[in-house]
Amino acid sequence: MNVTLTVNGETRSAEVPPETTLLVFLREYLNLTGAKTGCDIGDCGACTVILDGKAVNACLMLAAQADGRDVITIEGLATREGLHPLQKVFEETGALQCGFCGPGVILSAKALLDENPAPSKQEIRNALAGNLCRCTGYVKMIDGIQEVAETMRSVPTPALPAASKGEQKHG
Amino acid sequence: MADVLDVLEKDHVATESLRRSDQALRLPVVAPPTSLPLDPPLVPQVGEQTHAVGLRAQRPDSRNHGLGLTRYIDDIALPGMLYAKIKRAGISSARIVRMDTSKAEAMPGVHAVLRGSEIPTNVFGTSIVDQPLLADPIVRQAGDGVVAVAAVTEQIAQAAIDAIEIEYEPLPGVYDALQALEPGSHKVHGGDTNVYARKVIRQGDVEKGFAESDRIYEGRYYTPGIEHAPMEPFTSIADWDANGRLTVYASIGRITLARVDLSRTLGIPISRIRVIGTVVGGNFGGKNEIRHEPVLALLAKKAGRPVKGRFTRVEEFIASTIRHAFYMDYKTGVTTDGKIIARKVRMVLDGGAYCSFSETTLGKACILSTGPYVIPNTHIEGQVVYTNKTTAGSMRGFGAPQVCFAYESQMDDIARDLGIDPIELRMKNFFRDGSMTSTGQVLHSVKVAESLQNAVKKFGWEVR
């Protein structure tokens with residue numbers, strides 16, 4: 001069956017078997033390997049992508065369910081001008097060790113900040129509840145996300161296009 | 001001039017129509033390149049002088065991790081690659097009586113089926129070589145692989161292994177390390193004992209030490225098995241070239257050991273085997289040895305195509321290795337003012353179905369079992385036994401965390417009973433410069449007391 005969706009602002013389509021999950025669709029049909037297969041049963045969050053503004057487990061969703069919708073993957077965050085503030089802060093705080101959970105955590109955090117620009121520590125914890133990490137631990141991630149929230153609030157629009165502005169401030 | 005324009009126009013049209021047909025034909029999609037940001041790189045530039053002291057520590061590879069650019073093993077695909085699945089026994093102690101793979105072989109999309117009997121040397125291991133790649137005919141743990149399939153998709157491979165019929169004759173089993181020591185217990189590998197490694201360390205005279213002690217404390221401590229659960233499941237790709245050389249891509253930490261095991265099991269010289277270690281998505285000691293690589297290699301050879309195998313999360317728990325479960329009996333003699341003068345430790349490690357890194361774990365656990373304390377009289381006795389449970393192997397600390405749990409728990413018991421502050425009790429007994437460990441090693445630069453004092457300060461022990 002044909003699945004057509006917007007990925008990182010571009011319309012993409014592919015002919016896939018109906019049982020194809022969104023994760024397999026992204027990884028194997030669009031070659032976007034940033035979302036990872038960790039457990040394939042919705043426990044670990046390594047496959048997290050943003051679908052219509054919400055962080056979802058791509059392994060628990062059929063590609064067909066995402067048909068016509070808008071997906072953001074980790075590959076869509078950075079621009080030529082600079083890293084997304086979350087990517088920048090995560091590397092500065094050492095929040096990425098083996099890095100396997102990183103793309104999922106960053107996208108969960110982005111979905112949170114897009115909806116709530118001033119989250120409390122507990123709200124950040126709740127947003128990351130579906131993302132497991134086995135090396136780094138969560139403290140550096142949570143601190144990093146709070147740091148980003150503060151930086152992004154200090155620039156006029158916290159959306160993506162303004163990210164590069166926050167970037168310079170940060171760097 | 002008009003001609004020139006015409007040519008340009010034509011070119012333009014050609015590109016346009018090509019693009020349209022691309023979409024219309026749904027040609028294989030190529031991912032748009034991730035834009036490489038112009039941020040200053042995290043690694044020093046050629047000739048750049050850098051200083052490190054006082055700077056925040058950063059991992060240079062975290063840039064790629066955060067961008068999703070790091071190529072882990074599962075992000076690698078070779079042209080024409082097949083997907084392998086291994087059927088797990090699902091029964092912990094049995095003999096395979098009959099296996100029918102005909103339905104799987106007849107499935108469209110299935111390219112190869114492999115049984116244990118087809119593996120040149122169907123056994124591997126890091127010290128005691130006792131683990132089959134595919135059980136044949138005896139199954140000793142529920143996670144033992146029994147047959148493997150390579151197919152064009154993961155789903156077809158899964159359907160194929162589901163269609164393989166196997167008849168088992170159930171055998172008795174043993175599921176507790178202490179029961180495994182009993183003479184009448186089921187012997188997992190035959191013979192007359194389940195004990196496969198033993199270690200004794202003695203210093204001074206432990207009985208004399210107990211006789212001189214004011215108080216004697218005895219306790220049994222138990223720690224369960226733990227799975228490493230790395231975020232990235234075991235994944236490998238095996239690929240042969242036309243000259244009979246094998247390349248294995250794997251997230252294995254010890255590639256040299258992997259080459260040795262591949263060479264032994266496949267019966268080919270080590271010089272024909274190349275193992276490419278990929279970026280590891282979490283190891284914690286669980287990715288130190290081969291798992292399914294020779295099986296993938298033989299499937300690839302049969303099918304004439306590269307084969308990738310990826311463990312499911314369930315396989316990760318049942319068919320990899322785990323941390324050893326420990327039974328630890330501690331007997332400690334102390335004076336009323338809290339000086340330890342004798343300690344006897346007896347421990348039994350649950351090794352699971354195969355040896356793996358058990359000997360190393362046992363050795364380290366025994367050496368460290370008296371803790372960072374000066375004890376003049378010690379007697380340590382440890383053994384590892386086979387059971388029909390998930391194989392135990394190396395995991396962070398190699399036995400050190402288990403014994404630490406036991407001796408520190410007992411230290412708290414002793415402190416409570418003697419009415420001494422637990423910190424003070426430890427300070428009294430800690431190693432100092434020049435102290436001798438239970439194995440006779442004389443220590444230098446001992447910072448354990450200083451570390452505890454720092455921790456006490458930071459924790460706010462006084463005001464707890």
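Helices here are DSSP runs of H or I with at least four residues, strands are runs of E with at least two, and both are numbered from the N terminus. The contact is made by M411(B), D412(B), I414(B) and A415(B) on the α11(B) side, and by P422(B), L425(B) and R426(B) on the α12(B) side; residues are in contact if their C-beta atoms, placed from the backbone, lie within 7 Å.

The model is predicted, and local features need pLDDT of at least 70, while side-chain atom pairs count only at pLDDT 80 or more and totals for chains, interfaces and linings use all residues. Residues are numbered from 1 along each chain as its sequence is written, and chains are lettered from A and ligands numbered from 1 in the order in which they are written.

α11(B) covers residues 400-418 and α12(B) residues 422-429. Their axes come within 9 Å and cross at roughly 115°, so the two helices are roughly perpendicular (65 to 115 degrees) to each other.

Q410(B) has its C-alpha atom 8.3 Å from that of E218(B), although 192 residues separate the two along the chain. E218(B) is found in strand β8(B), residues 215-223. E218(B) is exposed (12 or fewer other C-beta atoms within 10 Å of its own) because it has 11.

Of its twelve residues, the number buried (20 or more other C-beta atoms within 10 Å) is zero, so α13(B) lies largely in the open. Just after α13(B), G460(B) takes a positive phi of about 80°.

Note on methods. Axes fitted to C-alpha atoms, helices over the stretch in contact; angles between N-to-C directions. Parallel < 35°, antiparallel > 145°, perpendicular 65-115°, else oblique. Contact = placed C-beta atoms within 7 Å.
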